[in-house]
Amino acid sequence: MPDSVTVPIHQDKLLLSEIKSPDDLKKLSIAELQRLAEECRNEVINLVAENGGHFASTLGVVELTVALHHVYNSPHDKIIWDVGHQAYVHKILTGRRERMHTNRQYGGLAGFPKISESPYDAFGTGHASTSISAAAGIAAARDLSGSGEKVIAVIGDGSMTGGMAFEAMNHLGDLKSDVLVILNDNQMAISPSTGGLKTHLINITLNKAYNKTRKFIWNSISLLNNEFGDAAKNAVRKLEDGFKAAFTPGAFFEALGLRYFGPIDGHNMEQLVKALREIQELPHPKLLHIVTKKGKGFKPAEDNQSKWHAHSGGFDRITGITPKTDGKPQPPKYQEVFGEALVELAMKDARITAITAAMPSGTSLDLFQNALPNRFYDVGIAEAHAVTFAAGQATKGFLPVCAIYSTFLQRAYDQIIHDVAQQNLHVVFAIDRAGLVGEDGPTHHGSFDLSYLHAVPNLTVMVPADEQELRDMLYTALYEINGPVAIRYPRGNGNGIELRKTFTPVETGKGVLLREGSEIALLSAGPLTGMALDVADTLQKEGLNVSVANMRFLKPVDTALIEKLAGCSTHFAVIEENSVIGGMASAVIDCLNEKGIARPVLKIGLPDRFITHGSMTELYRETGMNAEAVLKKIRAFYSGSTM
Ligand SMILES: Cc1ncc(C[n+]2csc(CCOP(=O)(O)OP(=O)(O)O)c2C)c(N)n1
Ligand SMILES: CC(=O)[C@@H](O)[C@H](O)COP(=O)(O)O
Ligand SMILES: [Mg+2]
């Protein structure tokens, strides 16, 4: 239907309440689409103010989302959202409006697109830079099967810095398949974007000379067309192409085989719908560059885009102010303790550098960035590159500290093995968000790092039980070990112990026996040690004599301590916030096997499945990782009954 046809909608009623599926957008006029976009924006502000969630990114693509669902026929046409943290309006418009209040909550909607949640979610996401690869794969399958749908990847400028995005465009150019890549350029990742691509995009957007010349050329073309015909027009077109090739990022994308369109204002509904319609039928790879503002329409978010990337909720819908609560002061977060300790050490040691893959605030490396900017590197959303970049620095005698979330470090496994460990280079991996992370869910839980690091030769792997151990292990990693070292610690607050001013090295490969018992040996990796001690207390009262050991090192694991515990215990239980496969429990079992000691070992860890999203309390309950469940498991294990 043409854009000008209006459907009868009562002005006092929200347009949004008439939208049951994207089909209902097809008949709306540009003015109505614009009004719908505003309603969606308000809806998102209300939702996040109430429940929290990702925020500023969705606000930036409200118009784009409405325009896409107006022009394309989802779910037949496939819209793939890179990262997916910006897909709230997509969810609202695709039949999930009524359930959006459950977003990111246990049992509720996921915070990211998910194939199993809706047929409108063409591809599950959470990690960055996957959308063009997925789109290329879907398009290639379409070309083979003749299913005929359009395929659209929406990717932010931050995610475009990831290697996979370039790999995918390179391949797509070769495939020559009909895929539309929409580059949503807001000059921001979570923090300001970095790198040459960013500069390039700024240049095209701000390059008034180019825009002016382009206008002049096109005006000339029309004149020439009238007076001198097609030959002259083609000549001028070639001139413009040459000019464009020399001065615009379009040339870069076009060299890879994607036809470049833009930049256009991503908040202008008319321009968006026009552009999407115009390029819709072009049967080859193309890229539409749109320029948007992260946080658009919510002043506090526009003014502080990093802070409002995500919010825990409870803020005023107009002012953005979160009322102060009287809660007692919280202990410092692990990441703050790490960030402060690293600055403290780096102030005294010019060899220390800090590397992040687009997560300076999340990892607290922003403290380093402020204190020592010339030794700080934000490499973009490029974990694999970050690791090999660190390896390069290490060959020159520097002490690179690479702070990467556990889940994102999965991207760099080969680089850890091939570039760092095989060459035994002294790179320190600060593995943040190890263990469950809560509402972000399965794409973001750090469930596997102990498993995937365990198998890597030369690597030392440490697991601090509290903030002080984190400080001491960082020191140990930098000054007591000469080779690759990983320290894994969780998201959020420590236990609040008073921190010593000094650093005390931790003896490599040694755990600590915290409590000596005679029946069960309870071995723990990381902050769950506190819970292990409580569990031991309870069991003691029930007449069960329990030893508790803080293992500290996954690799090298303390075999002497395990042997000693075997000397006084009939049963072993191992607690870790990692998959039950391949982590600390495996290390303990291997050790017992190697020493020919037969002891039953209870594995208490994350079950072998992807863990859903929800609050930490709910997830600990669901995975059997809270004290109550752990007690039950140990009692049953000791008494020989099955759970
Ligand atoms: C592999 C990976 N690394 C890091 C992240 C964390 N992360 C989530 S969103 C984001 C920034 C994305 O920027 P952009 O694509 O430009 O989207 P915008 O939020 O600006 O719309 C980052 C770094 C991630 N999701 N995946
Ligand atoms: C979408 C994404 O990957 C990030 O925004 C992530 O949700 C941040 O997680 P933290 O809140 O743990 O820093
Ligand atoms: Mg961006």
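**Fold, domains and ligands**

Biologist: How many helices and strands does the chain have?

Modeller: Helices (H or I, at least four residues) and strands (E, at least two) are DSSP runs, numbered from the N terminus. This is a predicted model, in which local features need pLDDT of at least 70 and side-chain atom pairs count only at pLDDT 80 or more, while totals for chains, interfaces and linings use all residues. Residues are numbered from 1 along each chain as its sequence is written, and chains are lettered from A and ligands numbered from 1 in the order in which they are written. The count for the chain is 25 helices and 19 strands.

Biologist: What is the radius of gyration of the chain?

Modeller: The radius is taken over C-alpha atoms, and the globule rule is 2.2 Å times the number of residues to the power 0.38. For 643 residues that rule gives 26 Å, and the chain comes close to it, so it is as compact as a globular protein of that length. The radius of gyration is 28 Å.

Biologist: Which residues of α4 are buried?

Modeller: A residue is buried if 20 or more other C-beta atoms lie within 10 Å of its own, exposed if 12 or fewer, and partly exposed in between, with C-beta atoms placed from the backbone. Helix α4 (residues 88-96) is largely enclosed by the rest of the structure, because seven of its nine residues are buried. They are Tyr88, Val89, His90, Lys91, Ile92, Leu93 and Thr94.

Biologist: How many nonpolar, polar and charged residues form the shell around ligand 2?

Modeller: The residues around ligand 2 include His54, His85, Arg433, Asp440 and Arg491, and the shell draws at least three residues from each of domain 1 and domain 3. Ala, Val, Leu, Ile, Met, Phe, Trp, Tyr, Cys and Pro count as nonpolar, Asp, Glu, Lys and Arg as charged, and the others, Gly among them, as polar. The shell divides into four nonpolar, four polar and three charged.

Biologist: How far apart do the C-alpha centres of domain 1 and domain 3 lie?

Modeller: Both domains belong to a chain that is also divided into domain 2 (208-247) and domain 4 (512-639). The C-alpha centres of domain 1 and domain 3 are separated by 32 Å.

Technical notes
Domain bounds come from an automatic or database domain assignment. A residue is near a molecule or strand if its C-beta atom, placed from the backbone, lies within 6 Å of it.
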